[in-house]
Amino acid sequence: MDCPYCKEEMETGKVCSNSGLWWSCEGEKLTLNDEPKMIGAINGYRITAYRCKKCGKIIILTGGNHE
Ligand SMILES: [Zn+2]
């Protein structure tokens, strides 16, 4: 994936949490976990993300429609 800001190639990694992690806005709650529910509950959440080393941005794709 190329960075939409500077067009540099991004590296794929994980945003990790020892517990849960979600996006929230005005009462809406979007869980951002890639792991199956039981593994997430035991090990914490792992969320696939793309990082641009050049401009320092990290991007998370939501909706489960990514690699
Ligand atoms: Zn960038």
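Some ground rules before we start. Residue numbers count from 1 along each chain as its sequence is written. Since this is a predicted model, local features need pLDDT of at least 70 and side-chain atom pairs count only at pLDDT 80 or more, while totals for chains, interfaces and linings use all residues.

**Exercise 1. Work out the strand order of the open three-stranded sheet, and find its edges.**

Solution. Start with the terms: strands are DSSP runs of E with at least two residues, helices are runs of H or I with at least four, and both are numbered from the N terminus. Two strands pair if DSSP finds at least two bridges between them. With that in hand, the order reads S1-S4-S5, with antiparallel pairing. S1 (11-16) and S5 (58-59) sit at the edges; each has a single partner strand, so one side of each lacks a neighbour in the sheet. Now zoom in on S4 (residues 46-51): two bridges tie it to S5, antiparallel again. Arg-51 has Ile-58 of S5 as its bridge partner.

**Exercise 2. Describe the hairpin of S2 and S3.**

Solution. First, place the strands: S2 covers residues 22-25 and S3 covers residues 28-31, and four bridges pair them in the antiparallel sense. Next, pick out a bridge: Cys-25 partners Glu-28 in S3. Finally, look at the turn, where two residues lie between the strands and Glu-26 takes a positive phi near 50°.

**Exercise 3. Is Leu-21 buried, partly exposed or exposed, and which residues does it touch?**

Solution. Locate Leu-21 first: it's in the loop between S1 and S2. Then count: Leu-21 has 17 C-beta neighbours inside 10 Å, so it comes out as partly exposed. (Buried takes 20 or more other C-beta atoms within 10 Å, exposed 12 or fewer, and partly exposed is in between, with C-beta atoms placed from the backbone.) Leaving out residues up to four places away in sequence, Leu-21 touches Leu-32, Tyr-45 and Ile-47; contact here means C-beta atoms, placed from the backbone, within 7 Å.

Terms used: Two residues are in contact if their C-beta atoms, placed from the backbone, lie within 7 Å.
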